[in-house]
Amino acid sequence: MRRPLLSLLALLAACAPKQAAEDAAPPAVVMHGARLRSYDGSTLTMTGEAEQATWQRTGELTATRATVHVMGKDAKGGQTEGDTTVRAQRMEGSPGTRQLVASGDVEVRTASGMVARTPRATYDGTQQLARGTEGVVVTGPTGRMRADSFTLSFPTGQYDFEGSVHTTLQGGAR
């Protein structure tokens, strides 16, 4: 009795429409309330959290309403006290290539107190550089700056600005 039932199920499965195979493949994993950790060998280099994270079979990761903390490194590669925090509505990247694109109200806060806001930024984990070409506004302890594009070095916390740059300096305490 079991054999005919198994045969019937196999036949029904074979005759079922193949629409799911024709559609885009669903993600391998969807996580809600995800905590993120990234390592370089055995060294923790980045932590974070996301409202939702999706892992594709291709190795791509997409996180929504995400915050990541990039651990500071000195020139010799050792850990430093401060880290840089990045928040965005969406982050897409590949852990294998160490590339990340953050979009939607991107905010970058450095350990030195500088805060940058831009619509979109890319991060190269190999070089530890963030870049943006859609305009940026940076505020810090000594003033405010607006530029067409920027580059941020995570190890040094140094910003470089290009294009039209407008700076407003604030006086220090007396």
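## Close-up views of salt bridges in a predicted model

**View 1. R117 and E107 meet in a salt bridge.** In this predicted model, the closest N and O atoms of R117 and E107 are 2.9 Å apart. The two partners come from distant parts of the chain: R117 belongs to strand β6 (residues 115-124), while E107 belongs to strand β5, ten residues away. Is R117 buried, partly exposed or exposed? With a relative accessible area of 41%, R117 is partly exposed. E107, on the other hand, has a relative accessible area of 13%, so E107 falls under the 20% cut-off and is buried.

**View 2. E107 also pairs with R87.** Here the closest N and O atoms are 3.5 Å apart. R87 has a relative accessibility of 36% and counts as partly exposed.

**View 3. Several charged residues join up in a network.** Which residues are linked by this network of salt bridges? They are R87, E107, R109 and R117. Why might such residues pair up at all? Side chains of opposite charge can pair when their charged atoms come close.

**View 4. R65 and E51 form another salt bridge.** The side chains of these two residues meet at 3.0 Å, from N to O. R65 lies in strand β3 (residues 61-73) and E51 in strand β2 (residues 43-55), so the pair ties together parts of the chain that are 14 residues apart in sequence. E51 is partly exposed, at 43% relative accessibility.

**View 5. Stepping back, the whole protein comes into view.** How many salt bridges does the protein have? The count comes to five. The protein has two helices and ten strands. If you follow the chain from the N terminus, the elements run α-α-β-β-β-β-β-β-β-β-β-β. Of the 174 residues in the protein, 32% are buried. The protein exposes about 11,300 Å², and carbon and sulfur atoms supply 53% of that area. Among the contacts with a separation of 6 or more, 32% are between residues 24 or more positions apart.

Note on methods:
Residues are numbered from 1 along each chain as its sequence is written. This is a predicted model: local features need pLDDT of at least 70, side-chain atom pairs count only at pLDDT 80 or more; totals for chains, interfaces and linings use all residues. Side-chain values use heavy atoms; hydrogens and water are left out. Helices (H or I, at least four residues) and strands (E, at least two) are DSSP runs, numbered from the N terminus. Buried means under 20% relative accessible area, exposed over 50%, partly exposed in between (1.4 Å probe, protein chains only). Contact means heavy atoms within 4.5 Å. Accessible areas come from the Shrake-Rupley method with a 1.4 Å probe; for residues, only the protein chains shown count as cover. A salt bridge is a side-chain nitrogen of Lys or Arg within 4 Å of a carboxyl oxygen of Asp or Glu.
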